[in-house]
Amino acid sequence: MGTHAADTDDIIEANMGKSVREIFAEDGEAMFRAEETRALESALSSAAGVVAAAGGVVLSETNRSLLARARDRGEAVVVWLRADQSTLVRRAARGAHRPLLDDGAVDVMKQMEAERTPLYVEVSDATIDTDSLTVDEVVELVLAVAPKAGHQ
């Protein structure tokens, strides 16, 4: 039996009827971030054993509070899937769904890293360095860190 998972980007796209890229282009980042908070609330209140939240979710104090409350109630273990900048740039180049990286991915990634790293440290219970890991290895490690996720 598998673990039910929820992805905040998938929830946003389903709710808005368009892709993340289209939301950024047509509605702007502020609208996306508001939808991101709604999606996180929905995912955390669902029966999902694993919630995948995009890297920018930590930018919102509200989202960090939602994660902290879920953790404090014993409903969540927050795992930061960390990777070196070169790995992130290579991975991001494989998809066209990251509009914030359109103008110089390396420079944008450096800025994001500086802004977000302290926030990831603030909210995460564990960190998994994913640079040399396969997706299956990452999943195994996440489930080992957050054993409740494997029993949903």
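Me: At what angle do helix 3 and helix 4 pack?
Reply: This is a predicted model, so local features need pLDDT of at least 70 and side-chain atom pairs pLDDT 80 or more, while totals for chains, interfaces and linings use all residues. Residues are numbered from 1 along each chain as its sequence is written, and side-chain values use heavy atoms, leaving out hydrogens and water. Helix 4 covers residues 61-72, and its axis is 10 Å from that of helix 3 (axes are lines fitted to C-alpha atoms, for helices over the stretch in contact, and angles run from 0 to 180 degrees between N-to-C directions). The packing angle of helix 3 and helix 4 is about 10°.

Me: How are helix 3 and helix 4 oriented to each other?
Reply: Angles under 35 degrees count as roughly parallel, over 145 as roughly antiparallel, 65 to 115 as roughly perpendicular and the rest as oblique. With an angle of about 10° between them, helix 3 and helix 4 are therefore roughly parallel.

Me: Which residues of helix 4 make the contact with helix 3?
Reply: Contact means heavy atoms within 4.5 Å. On the helix 3 side, the contact uses E36, T37, L40, E41 and L44. On the helix 4 side, the partners are T62, N63, L66, L67 and A70.

Me: How many helices and strands are in the protein?
Reply: Helices (H or I, at least four residues) and strands (E, at least two) are DSSP runs, numbered from the N terminus. Along the sequence, they follow the pattern β-α-α-α-β-α-β-α-α-β-α. The count is seven helices and four strands.

Me: Thanks! At roughly what angle do helix 1 and helix 3 cross?
Reply: Helix 1 is made of residues 8-16 and helix 3 of residues 29-45, and their axes come within 9 Å. Helix 1 is roughly perpendicular to helix 3, because the axes cross at roughly 110°.

Me: Which residues of helix 3 make that contact with helix 1?
Reply: Helix 1 brings T8, D9, I11, I12, N15 and M16 to the contact. Facing them from helix 3 are M31, F32, E35, E36, A39, L40 and A43.

Me: Is D9 buried or exposed?
Reply: D9 sits in helix 1 and is in contact with V20, F32 and A54, leaving aside neighbours within four places in sequence. Buried means under 20% relative accessible area, exposed over 50%, and partly exposed in between (1.4 Å probe, protein chains only). At 15% relative accessibility, D9 therefore counts as buried.

Me: How far apart are the axes of helix 2 and helix 3?
Reply: Helix 2 runs over residues 20-27 and packs on helix 3 at an angle of about 130°, so the two are oblique to each other. V20, I23, F24 and D27 of helix 2 meet E29, M31, F32 and R33 of helix 3. The axes of helix 2 and helix 3 are 7 Å apart.

Me: Which side chain makes a polar contact with the side chain of Q85?
Reply: Q85 is found in helix 5, residues 85-92, and is buried, with a relative accessible area of 18%. Leaving aside neighbours within four places in sequence, Q85 is in contact with V106, M109, K110 and E113. A polar contact is a pair of N or O atoms within 3.5 Å; within protein, one must be able to donate a hydrogen and the other to accept it, and residues adjacent in sequence count only if both atoms are side-chain atoms. At 3.0 Å from the side chain of Q85, the partner is the side chain of E113.

Me: What is the relative accessible area of E113?
Reply: E113 lies in helix 6, which spans residues 105-123. Not counting residues up to four places away in sequence, E113 touches Q85 and P118. E113 is partly exposed, with a relative accessible area of 39%.

Me: Which residue's backbone oxygen does the side chain of R71 reach?
Reply: R71 belongs to helix 4 and counts as partly exposed at 23% relative accessibility. Beyond residues up to four places away in sequence, R71 touches A76, V78, E122, V123, S124 and D125. R71 and V123 are 52 residues apart along the chain, yet 9.1 Å separates their C-alpha atoms. At 2.4 Å, the side chain of R71 reaches the backbone oxygen of V123.

Me: To finish, what share of the residues in the protein is buried?
Reply: Among contacts between residues at least 6 apart in sequence, 67% join residues at least 24 apart. Of the 152 residues in the protein, the buried share is 33%.
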